[in-house]
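Hi there,

Here is the structure I promised to send over. Have a look at it first, and then read on for my notes.

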Amino acid sequence: MNNYDSIPRRMGNYWLETRLGSGYSGSIFRAYNVFTGDYVALKVQDVNHECPTNRYEEFIYPLLQGADGMPKLWASGVHGKWHYLVISLLGTSLENIYRSIGKKVMDLRSVCAIAIQVIMRLQTMHNREVLHRDIQLGNCVIGLPPNETMIYMIDFGFSKRYIDPYTRRHIPDSKVKRDFLGNYWFTSIGVHCKGKVPSRRDDLEAAALMFIHLLMPGGLPWTRNGVPKTDEHHRRIKRAKEATRPEDLCRGMPSEFEEFLRYCRRLKFADRPDYEQWIEEFRELARENEFTDIERFIWPPPPQQMKPPPVRPAAPRPTVTPAEMENVLHDLAKLQLHNRPILADQTNVLPAQANKQAEGSNKKAADVIDLCNTSDEGTAPDPPKNMPPRTPVRVKKATRLEKLKSSVSDATDNGMLSTVVAEFSTFLKETGSKTLTREGFAFLDALYKQLADPSVFVHPMRTRSTTEQASTENQPAHVKLDVVARLRKEVGTAQSNRMLAKLVADFGAVTNKSSTRTITKDGFAFLDGLSGRLKALHE
Ligand SMILES: Nc1ncnc2c1ncn2[C@@H]1O[C@H](COP(=O)(O)OP(=O)(O)OP(=O)(O)O)[C@@H](O)[C@H]1O
């Protein structure tokens, strides 16, 4: 039993004032240097504590000195029965900030800024050969003015060097199940549920879960009943963590969060995560949303950059009165489709050129909706004269995929489809992440629909037959590889659009069932083969 009331008021050169917080292993005080008057944080622990985390931290701190977002270690020592660490005095934690908003969904700007800084901190720690191993909101704190926009990492009581300083080798993996180390909410599935040895990937996965927690109404599902008090409750938490699929966790959020979580879970034990890529992804997400100054965490967030929470309850369906419906039907009856071709069965496809001519010769009536018209064809209205020039914004991955999807839907012959499929494949190869996101699946849906029958409703591949999906989910990786290798071969000999449609559906289904949803080398060969085949069928 620790009796923290017996802690002396002075330790070394420091005078202890108020207690800032206390954890499992000790207490932390605001203190000042009696000679200089400088304020610091002083972390105290009983020297006989069963888990001497202060001693571990004393060993880790020197490795992290001088880097952004790492507290400075001013002094350390033993005073009577107390071990103490003197570190920079910092501000409040992200946990406290999250509580201050009533544990509600945090705004997207703040979460992007947190993601960028936390990934940077992990990059710094990992570059210095240290794993944090206890990433959570309470261990990310902001600085005091003028450093209140910087996020600092604290609590290195569980940290560990993952490169052996003598052999320079990465710590070894082990098949032996270990007791879990970290925290209930954010520790990775591998470490928490499977007893694996923590490595860099697990720090990143914990960070990914933390970002998702901040964007999810009510937080991650397994955090909602509080800290487990019984083994059974703890088992339930582990089961929930393991069973919840990334796409369900991240529903309604920008796809970067789901992709990042999947990416972390794909990493192998000793892999170096691509920090740069993910920092850039979150910077880009911020740019797309027109958030400025995103390298700084600004709390409270600037009002003009407050986006509505990314996850919203479904809006009530608009109700249409019988009179309004009658009007809609009346307008539909007047609609002219300009002989818009149907691609499914190639027999009735007009050459694209002929189609354009037909359009040109038909004078448009004012109340006719032209379904073939897209702004890409140069028909977008000119911007108003006095508008300031628009700042060029990098095209978002999701936006680009959505555009490609529209091009598929607008294609009027196989030649056009071939070009769009080639663009889709090239684009995915060029972006760092090969995960097929929601927008990627939407592209395949549109392609399938064009090839099979554009006039019918097609149930999206990604959500198609949830029962069938559940039973085949988590297929071994080799099953996916075999199927994609077969598809790659078959695509070169397909004789009709219907056959190609079937191959596209199989490709979407097998990618959806695989745990990583990535496009493999064979997958890209399939897409390129598909583009080639469409071209051949067109000629
Ligand atoms: N340098 C600091 N400046 C200001 N407050 C701090 C500082 N370090 C820690 N705190 C506060 O004290 C709390 C506990 O700190 P810390 O996590 O380092 O201690 P711990 O004993 O390891 O806690 P736990 O058992 O929760 O992991 C933090 O959540 C934070 O609110």
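Predicted model: local features only at pLDDT ≥ 70, side-chain atom pairs only at ≥ 80, totals over all residues.

Let me start with the domains. The chain is divided into domain 1 (10–88), domain 2 (92–223 + 233–289) and domain 3 (397–455 + 476–537). Between the C-alpha centres of domain 1 and domain 2 there are 25 Å. Domain 1 gives 13 residues to their contact, and domain 2 gives 14 residues. On the side of domain 1 that touches domain 2, eight residues are nonpolar, three are polar and two are charged.

Now to the helices. Helix 5 (residues 200–215) and helix 8 (residues 255–266) have axes that come within 9 Å and cross at roughly 160°, which means that helix 5 is roughly antiparallel to helix 8. The crossing is left-handed. Helix 5 brings R201, L204, E205, A208, F211, I212 and L215 to the contact, while helix 8 brings F257, F260, L261, C264 and R265. Of these residues, nine are nonpolar, none are polar and three are charged.

The other pair is helix 14 (residues 438–452) and helix 17 (residues 497–513), whose axes come within 8 Å and cross at roughly 160°. Helix 14 is therefore roughly antiparallel to helix 17, and helix 14 passes helix 17 in a left-handed crossing. On the helix 14 side you will find F441, L444, L447, Y448, L451 and A452, which meet N497, R498, L500, A501, V504, A505, G508 and N512 of helix 17. This contact has 10 nonpolar, three polar and one charged residues.

Best wishes

Key. Residues numbered from 1 in each chain as written. Axes fitted to C-alpha atoms, helices over the stretch in contact; angles between N-to-C directions. Helix = DSSP H or I, 4+ residues; strand = E, 2+ residues; numbered from the N terminus. Parallel < 35°, antiparallel > 145°, perpendicular 65-115°, else oblique. Left-handed = near helix turned anticlockwise from the far one by under 90°. Contact = placed C-beta atoms within 7 Å. Nonpolar A, V, L, I, M, F, W, Y, C, P; charged D, E, K, R; others polar. Domains from an automatic or database assignment.
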